[in-house]
Amino acid sequence: MRKFETNVQLLKYKVLKEVASSALNKSLEKDILDIPNKIIPGPKPETRCCIYKERAIINERVKLAIGGDPDNDNTIQVIDMACDSCPIQKYSVTEACRGCIAHKCKEACPFNAIDFSGQKAHIDTDKCKECGKCANACPYNAIIEIQRPCVKACNADAINIDPDTKKASIDYENCISCGACVYQCPFGAIMDKSSIVDVIRLIEESGKNNNYKVYAMIAPAISSQFTYAKIEQVITGIKKLGFHNVVEVALGADIIAYYESTQVAKELGEKEWMTTSCCPAFVTYIKKNYPDLIDHISTAVSPMIATSQLIKNTDPTAKTVFIGPCTAKKSEINEPDLRGEADYVLTFEELQALFDAHDIKVEECDEGILDNASYFGRIFARSGGVTDAIKHVVETNNLTIDIKPVVCDGLNECSKNLRLAKFNRLQGNFIEGMACEGGCICGPASLSHGAKDKKEVDKYGKLAIETTVNDAIRIFNMDSLNLSRENHK
């Protein structure tokens with residue numbers, strides 16, 4: 001058994017592995033009701049009040065693992081019964097309260113939720129609506145705010161808490177599918193739906209890649225995953241799953257670095273600034289929160305889409321599966337103008353479950369070959385990597401552009417600089433936006449979420465045979481690729 005960071009991640013893995021095993025044995029329909037009993041054998045509960053609730057929650061996880069409700073297209077979903085209703089009150093009175101006679105907190109509360117006894121302020125939780133006016137009014141800062149983990153994690157303001165039930169729900173008008181809430185919820189009550197069964201069927205129905213060929217597209221962030229084995233062994237392991245070939249999405253990153261550089265060189269003369277478009281969560285965030293800035297988003301497709309196009313142009317029968325740490329990619333492939341460009345998305349968590357369902361020990365595999373991309377395509381995985389690649393292309397090709405990059409590491413920094421740009425105060429002309437702090441290597445569906453060493457990404461990049469973007473893309477006909485999203489509409 002792999003070592004997992006938390007019981008939440010372990011439970012998710014167990015469900016995915018059992019679902020994958022049953023799908024491979026063609027017994028999923030028969031096994032589906034037994035999976036909760038297998039994972040929670042009893043007789044004592046492991047974390048909840050009783051084994052029946054634990055099994056009911058596992059049953060809901062199984063539903064999402066096999067694709068979820070077909071009428072619900074949302075990637076990130078709340079498992080209602082798994083939400084603990086977090087009894088933590090958002091506002092609490094601390095010992096710093098002096099029981100002053102001003103009673104500013106009481107006067108500020110529009111719901112009469114503040115009273116005084118024993119010369120101390122008290123909050124009536126039945127009346128409190130968590131507006132925060134009492135905390136703002138207290139001269140001693142004696143009333144503190146404690147945010148629920150899911151709310152704190154969501155910098156897109158997409159998590160709502162029902163004032164009566166205290167359960168979480170997702171406002172899909174704001175949700176950008178970044179998956180931060182999925183990782184941060186300590187009860188695992190928020191989960192991304194999976195295509196693991198669809199991918200298993202896709203590979204099986206290929207007839208060992210005779211009917212059509214199935215290609216795995218691995219994200220550059222793989223450099224921070226599967227630390228128990230070499231990347232070359234992981235490549236062999238992926239092929240053993242039944243994929244015809246494994247292609248680096250870093251190659252698509254090389255293509256986009258070149259394309260986006262030429263695009264920026266053309267458009268910065270007309271626009272004061274532009275943003276990158278490789279992070280789908282960042283792009284969605286702009287569209288939902290700064291719609292008047294949409295024209296400043298690069299129209300380039302993401303490296304995932306570029307890689308899939310390249311594969312399908314080379315092999316018209318191809319089916320493509322992206323594998324990475326990102327939940328927003330699951331939403332990206334279903335966007336109206338991109339539907340069909342790539343076929344499925346798996347996360348690194350799902351890939352590990354597939355390895356174990358197939359009983360593939362990656363660390364014992366022979367070393368495969370992975371030499372598709374350049375150093376610069378591979379460093380797209382870390383914050384600042386896109387900027388480094390763009391600057392490299394500009395310098396190498398002597399493009400007439402004075403690029404002044406602003407690297408935004410995480411959604412908060414993205415929002416801050418988008419606000420500055422909106423009011424013409426941006427200290428630069430090119431925003432690199434990453435929704436995840438640290439970049440893709442810190443994606444929510446990573447196998448590990450500890451501190452990531454960006455130098456490991458650079459180390460992986462330096463293993464590339466191709467040292468420049470021009471070298472990596474020299475054999476491809478760029479004109480055959482539809483790299484502008486404007487052309488997809």
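Predicted model: local features only at pLDDT ≥ 70, side-chain atom pairs only at ≥ 80, totals over all residues.
## Overall fold

In terms of secondary structure, you're looking at 20 helices and 15 strands in the protein chain. Its radius of gyration is 25 Å, close to the 23 Å that the globule rule gives for 489 residues, so the chain is as compact as a globular protein of that length.

If you want a box for it, the C-alpha atoms fill roughly 80 × 65 × 40 Å along the principal axes. As for how the chain comes back on itself in contacts, take the pairs of residues at least 6 apart in sequence: 74% of those contacts join residues at least 24 apart.

## Cavities

Now for the holes. The count comes to 7 cavities of 30 Å³ or more, and the largest cavity holds about 310 Å³ of space.

That largest cavity is lined by 26 residues. Lying nearest its centre are Cys-278, Cys-279, Cys-326, Lys-329 and Cys-440. The elements that give two or more residues to this lining are α11 (249-267), α12 (280-289), α13 (303-314) and α14 (328-332). By residue class, the lining of the largest cavity splits into 23 nonpolar, 2 polar and 1 charged.

Conventions: Residues numbered from 1 in each chain as written. Heavy atoms only, no water. 1 Å grid on protein atoms, 1.4 Å probe; cavity = no way out; pocket = protein on both sides within 12 Å on 5 of 7 lines; lining within 4 Å. Points joined across faces, edges and corners; volume = space filled by probe spheres on them. Helix = DSSP H or I, 4+ residues; strand = E, 2+ residues; numbered from the N terminus. Nonpolar A, V, L, I, M, F, W, Y, C, P; charged D, E, K, R; others polar. Rg over C-alpha atoms; globule rule 2.2 N^0.38 Å. Contact = heavy atoms within 4.5 Å.
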